[in-house]
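Subject: Structure handover, with notes on pockets

Dear colleague,

Please find the structure below. My notes on its pockets and on one residue follow.

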Amino acid sequence: MATQVIANRLPPRRSDLSLVQRDAWKLIGIGTVFTVLTLLAIVYLAPLVYMITTSFKSEAQLNEPEKPLLPTTYATFSYQGQALPLYDVTQDGTTRRLALLQELNRSKKVILIDPQDPSSAQITLNDRLPVLREAGVMKPVSYFDPKAEVYVTAADSTHMDFGRSFINTLAISGIGAIGAMVSASLVAYGFSRFRIPGANFLFLLLMATIILPPQVTLIPTYIVFQKIGWTGSLLPLIVPTFFSNAYNVFLLRQYFMGIPNEMDEAAKVDGASPIQTFLWVVVPQARAALITVFLFHFLVTWGEYYNALIFTSGSKEAQPLSVALGRFLQIYSAQPNMLMAGAVLTMLMPLLIFFLAQRAFMQGIVITGVDK
């Protein structure tokens with residue numbers, strides 16, 4: 001018993017102190033990383049928050065001198081046909097809700113009345129209103145008041161025509177993403193599995209198209225589509241995606257090369273044809289990579305503006321959201337709330353798809369760069 005008491009009084013061993021210090025530094029490191037990531041998230045999300053809050057503001061709220069972040073409306077009190085602004089006035093440690101009746105700038109006085117008893121004696125404060133507000137003596141009374149009418153105007157058929165433009169964009173992005181995924185997977189399967197004469201040269205030639213500026217081929221492509229009568233429709237934006245893309249082919253080829261050839265040989269022994277091997281052996285193994293290609297193409301095409309503007313010019317019925325938003329911005333360039341509302345409507349679908357498919361999207365990005 002005495003030995004145990006003496007042991008309890010001894011100072012902690014050096015190894016115990018090192019463990020405590022190590023745990024303390026570990027907690028400090030975790031806290032520092034968490035703080036830095038939180039600050040970065042705030043910086044990156046601040047424009048998005050500003051865009052959403054501004055889109056719910058009315059014209060009157062945008063012109064408020066206080067410029068509050070949230071869509072708020074200042075409370076008023078009706079007195080003799082006038083809407084008097086309400087203030088929380090603090091005097092002698094007591095706060096009362098009063099209505100501003102008159103502001104006398106020359107005499108530096110502010111006259112207030114009690115909304116509960118307007119016929120009572122008026123209250124006078126000896127100073128200018130901005131000074132009183134800055135000192136915290138008078139605080140305007142406001143309440144959260146978002147205005148959804150801005151979105152109704154933006155989505156109206158006479159303005160942005162959101163319904164038709166949304167369907168057009170969904171068709172361009174969805175059908176185009178399917179075409180890009182199917183065509184790229186077939187080409188990548190051929191490059192990764194078959195011994196084709198000059199395959200390396202053909203693959204390098206395909207990769208060389210990446211450095212070719214799209215402006216070089218724009219005029220000849222437009223002339224071809226105009227000759228066959230496709231301009232002013234969605235066909236020039238959808239059909240070319242079914243003829244593969246160098247980025248997608250490279251991504252899928254690298255992934256297909258990581259799938260063991262023994263699986264193909266086993267399927268061939270069982271009597272499977274190359275197409276059956278592709279459908280029942282390769283595609284299930286490459287599901288994450290295919291989803292990544294689909295999502296990449298969908299998200300990029302959703303916001304594509306340059307080609308959409310050129311090939312759908314002259315047809316309002318065929319315009320996608322990017323072109324509709326561009327025309328909408330020209331009409332309401334002086335109204336920030338309308339501009340933000342149109343931008344929010346345009347980005348709803350990409351945000352929804354990203355959050356729903358975030359796990360598959362990140363998994364596909366990771367595994368396509370890892371040798372299996």
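The largest pocket has a volume of about 1300 Å³. The model is predicted, with local features needing pLDDT of at least 70 and side-chain atom pairs pLDDT 80 or more, while totals for chains, interfaces and linings use all residues. Residues are numbered from 1 along each chain as its sequence is written, and side-chain values use heavy atoms, without hydrogens or water.

A pocket here is an open set of points on a 1 Å grid over the protein atoms alone, where a 1.4 Å probe fits, with protein on both sides within 12 Å along at least five of seven lines; lining residues have an atom within 4 Å of a point. Volume is the space filled by probe spheres set on the points, which are joined across faces, edges and corners.

The lining of the largest pocket comprises 35 residues, and Pro-214, Pro-240, Asn-245, His-297 and Asn-307 lie nearest its centre. Among the elements giving two or more residues to this lining are H6, H8 (214–227) and H13 (287–302); helices are DSSP runs of H or I, at least four residues, numbered from the N terminus.

The second largest pocket holds about 420 Å³ and has 15 lining residues, with Tyr-189, Arg-193, Phe-194, Asp-264 and Glu-265 nearest its centre. H11 contributes the most to that lining, 4 residues.

H6 (residues 162–193) also contains Asn-168.

Regards
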